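Let's take a walk through a protein model together. Keep the picture open while you read, and look up each residue as it comes along.

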Amino acid sequence: MFRSLIFAILFFAAAASPAWAAATTQPVAAPVAAQDGTDMDQMLGAMLMFGFRGIKFEAGNEIYPMLSEGKIGGIILFEKDISNGNIRNIESPEQLKTLTADLRKAAKGPIFIGIDQEGGQVRRLRPARGFMDLPSAQHMGQSSSESTFDMADRLGQELASLGIDVDLAPVVDVDSNPYNPVIGRLGRAFSSDPAQVAAHALSFGRGLARNGVIPVLKHFPGQGCAGKDTHLGAVDISQCWNANVDLLPYAEIFRAGWPGMVMTGHLRLAGLDAELPATLSAKIVTGLLRDGLGWQGVVISDDMQMKAIASEFELKNAIALTIDAGIDILLFGNNLEWDPALPQKVWTAMKSLLEDGIISEERIRQSWSRINGLKQAYAAGAKPLVEGKPAQ
C-alpha cells in the first residue's frame with residue numbers, strides 16, 4: 001500500500017511539474033568539472049556514439065578522421081549489417097580484440113565501445129562464432145538472482161577480454177504484455193513482477209561492473225506494456241503504462257546503487273508529456289528521471305535512427321530537443337539505415353546548434369562532466385556501488 005501510494009504521488013507530480021521530490025540516490029561517480037584542457041569540440045564528441053562498417057579499422061574508414069579528432073566519443077558494434085545481411089563488425093574473438101584495440105589506438109582520447117549483449121535473441125556475440133552462450137533475460141529470471149549475477153560475471157569477463165566496456169543491457173522493462181513485439185515476444189524481460197525485475201537487473205549490472213564493463217538500464221520510463229515497435233514508428237504507452245509497476249525497478253535499483261547508465265526509449269506518454277516522446281522530453285528525462293527519481297548519472301538515448309524519432313522529427317531538431325531534455329549520449333547505430341555521411345551530418349548539426357546559441361556551452365559541460373566522471377571511475381578501477389554480490 002505504501003509503495004503504491006508513493007508511486008501514485010510520483011506519477012501525478014511528474015505530470016504537473018518538471019522538478020519534484022528528489023530521491024537520495026547518487027550516480028556512479030559525482031560529476032567532475034571540465035578543468036583538464038578538453039576543448040568544446042571534444043566535449044561535443046563525447047556525447048556521440050556511432051556504428052560503422054568493417055571488421056577491421058583502418059585510416060580509410062568513414063569515421064576514422066572524426067574519431068582521431070575527438071569528435072566521436074563512443075562506438076557501437078553489430079554482428080551483421082541489417083541492409084545486406086553481411087558481417088558488419090564481429091567475426092571471431094581474435095578479430096574482435098584486434099578491432100577494439102585499433103579503435104582505441106585511433107581515438108584522440110578514451111572512448112566507450114558498446115554492444116547489445118542481453119542474451120537470447122538479442123546478442124551480437126554468438127556461440128557459433130566462438131563466444132559464450134548467453135540465455136535470455138526471461139530464462140535467467142526463472143532462476144535466482146545469484147545465478148543471474150554469476151552469468152553476468154562470466155559475460156563481463158568475456159566482454160572485458162574483448163575490449164568492450166559498455167553493454168547496452170539489462171532490459172528493466174516489466175513483462176506486462178506478453179504480445180509486446182520487441183519485449184515480451186522476444187523474452188527480453190526478466191519477469192512480470194517488478195521486484196524480480198529489479199533484483200535480476202541489479203545483479204546483472206553488478207556482475208558486469210565487477211569486471212569493468214558498464215551496464216545500461218533500458219528502456220526508461222518503461223516499455224514492457226507497449227503494443228508496437230519504436231523501430232517502425234511512434235509508440236504511445238499512455239493507456240497501459242503504470243507508474244506503480246514500470247518505475248518500481250528503477251527506484252529500487254537506484255536506491256541500491258546503479259553502477260552504469262540509463263537508456264531512454266522513444267515512447268510517448270501523454271500523462272507526462274503530451275507533445276514529445278521520452279528521449280526528447282525534458283519533462284521525462286530531467287523532470288521524472290533526474291529530479292524525480294534522483295538519477296544524476298549518464299543518460300544515453302536509444303538509437304536515434306528508429307522511426308519513432310527519425311520519421312517524426314528533422315535531424316537537427318531532434319538533436320536539439322534530445323540535448324535540451326537532458327540526454328548525455330546520442331546513439332546513432334547507422335545500421336537501421338546506412339548513411340556514410342551521417343556522423344559528419346550529426347556533428348555539423350550539433351556544432352551549429354552550439355554556435356547559434358540554441359544549446360549552451362554550460363549544457364554541453366554538464367554532459368561532459370557526467371560522461372568523463374563515469375570514464376574516470378572505471379579507469380581507476382573503483383567501480384563505485386559495486387559490491388561484488390547479487391541483489392537480495
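Here is a short tour, going from the whole protein down to single residues.

## Before we start

What you have here is a predicted model, so local features need a pLDDT of at least 70 and side-chain atom pairs count only at pLDDT 80 or more, while totals for chains, interfaces and linings use all residues. Residues are numbered from 1 along each chain as its sequence is written, and side-chain values use heavy atoms, with hydrogens and water left out.

## The whole protein

The protein has 14 helices and 12 strands. Both are DSSP runs numbered from the N terminus: helices are H or I with at least four residues, strands are E with at least two.

Of the 392 residues, 59% are buried. Buried means under 20% relative accessible area, exposed means over 50%, and partly exposed is in between, using a 1.4 Å probe and protein chains only. The protein exposes about 14700 Å², and carbon and sulfur atoms supply 51% of that; the areas come from the Shrake-Rupley method with a 1.4 Å probe, and for residues only the protein chains shown count as cover.

Now for contacts, meaning heavy atoms within 4.5 Å. Take those between residues at least 6 apart in sequence: 79% of them join residues at least 24 apart.

## Strand β2 and its partners

Strand β2 (residues 74-77) is covered on both faces: Gly 74 and Ile 76 are buried on one side, Ile 75 and Leu 77 on the other. Strand β1 (residues 48-50) runs parallel to β2, joined to it by 2 bridges. Strands count as paired if DSSP finds at least two bridges between them. Here Met 49 sits opposite Gly 74.

β2 also pairs in the parallel sense with strand β3 (residues 112-115), over 4 bridges. In β3, Phe 112 is the bridge partner of Gly 74. To get from β2 to β3, the chain passes through helix α4 (residues 93-106), making a right-handed β-α-β crossover. Right-handed means that, with the strands pointing away from the viewer, the path from the first strand over the helix to the second runs clockwise.

Leaving aside neighbours within four places in sequence, Asn 89 is in contact with several residues, including Gly 54, Ile 76 and Leu 99.

## Thr 148 in helix α6

Thr 148 belongs to helix α6 (residues 145-162) and is buried at 0% relative accessibility. Beyond neighbours within four places in sequence, the contacts of Thr 148 are Met 140, Phe 190, His 200, Ser 203 and Phe 204.

## The disulfide

How many disulfides turn up in a search of the whole structure? There is 1. The cut-off is a pair of cysteine sulfur atoms within 2.5 Å, and the sulfur atoms of Cys 225 and Cys 240 are 2.1 Å apart. Cys 225 lies in the loop between β7 (214-220) and β8 (235-236), and Cys 240 in the loop between β8 and α8 (243-246), so the pair ties together parts 15 residues apart in sequence.

Cys 225 is buried, with a relative accessible area of 9%, whereas Cys 240 is partly exposed at 33%.
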